[in-house]
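Subject: Structure handover

Hello,

Here is the structure for you to look through. My notes on it follow below.

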Amino acid sequence: MVVTSYAVPTGTVRGTAASEPSRAPSWWQRRRWTVLRALSPVAILVLWQVASAAGVLSERVLPAPSLILDAGWQLTTSGELAHALAVSGTRVVQGLLLGGVIGVLLGTIVGLSRFAEATVDPPLQMLRALPHLGLIPLFILWFGIGETPKILLVALGVAFPLYLNTFSAIRQIDRKFLDTAVVLGFSWWQRFTVIIAPSIAPQLLVGLRQSLAIAWLSLIVAEQINAESGLGYIINNARDFLRIDVIIFGLVVYALMGIATDGIVRILEKRSLRYRSEA
């Protein structure tokens, strides 16, 4: 039996494949999800404005975006918004520094010491279980109605995310690294700076982002305590005069400040952890 084989000209197949140029993805294919993410809030604002203009939404319930923007412009041109941002930002920074130092310090001590974990961690967990915003009446009785209770309320909310993340990060460090450092004769400070600090940095930055969100949330409530300046004062004053547009604008500013500070930490996180992507 004779089997006849037919050779397929390779040039035909290769030529067909080569004749089809590889098409690069279009601009829309590369950017469509980014564009959609940017357009979705715009679409909501347009629908909101149209509903307000058509009378579907009452100005006493939810003013139109144009009215809210106009109220914000008036606050900006008068200089009242800039002063309020400076006051509220100072309160957040002071509370963040105080609560951050306490949280990281306690997390480091408890993470490095079994004795501290057995004696310090249980009371802290009991305190963490309390809703810190519910402590406002006690803070007023203890510290009055000045700046102190506002800063302490922010600090209390900031401390626990940093404490938990620092403690967890230290306990997740591979024990072999620490044992090797001991064998090599590293001092305690060398072990902390060379092994512990770089190991806990990623999780510590995550805790910082969580703390910033809680800091602005705490400030919104804290500035309702007889505030005479700041964003909370603007909102309280607007409530007395039934200015819903100013109240909504103040809340939007709170949200924007939270997003801005979170973005700053994300940039810091990307820069400080470049070694991971380069490795």
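Helix 6 passes helix 8 in a left-handed crossing. Left-handed is said when the near helix is turned anticlockwise from the far one by less than a right angle; clockwise would be right-handed. Helices here are DSSP runs (H or I, at least four residues), numbered from the N terminus. The model is a predicted one: local features need pLDDT of at least 70, side-chain atom pairs count only at pLDDT 80 or more, and totals for chains, interfaces and linings use all residues. Residues are numbered from 1 along each chain as its sequence is written, and side-chain values use heavy atoms, with hydrogens and water left out.

Axes are lines fitted to C-alpha atoms over the stretch in contact, with angles from 0 to 180 degrees between N-to-C directions. The cut-offs: under 35 degrees is roughly parallel, over 145 roughly antiparallel, 65 to 115 roughly perpendicular, and the rest oblique.

Helix 6 makes the contact (heavy atoms within 4.5 Å) through Asp121, Leu124, Gln125, Leu127 and Arg128. Helix 8 brings Leu156, Phe160, Tyr163 and Leu164. By class, these residues are six nonpolar, one polar and two charged. Nonpolar means Ala, Val, Leu, Ile, Met, Phe, Trp, Tyr, Cys and Pro; charged means Asp, Glu, Lys and Arg; the others, Gly among them, are polar.

Next pair. Helix 2 (residues 27-53) and helix 3 (residues 65-78) have axes that come within 8 Å and cross at roughly 105°. They are therefore roughly perpendicular to each other. Leu45, Trp48 and Gln49 of helix 2 meet Pro65, Ser66 and Ile68 of helix 3. That contact has four nonpolar, two polar and no charged residues.

Now Asp262. Which helix holds Asp262? Asp262 is in helix 12. Asp262 touches Arg209 and Leu212, leaving out residues up to four places away in sequence. Asp262 and Ser211 are 51 residues apart in sequence, yet 9.7 Å apart in space, C-alpha to C-alpha.

Best wishes

How values were computed. Helix = DSSP H or I, 4+ residues; strand = E, 2+ residues; numbered from the N terminus.
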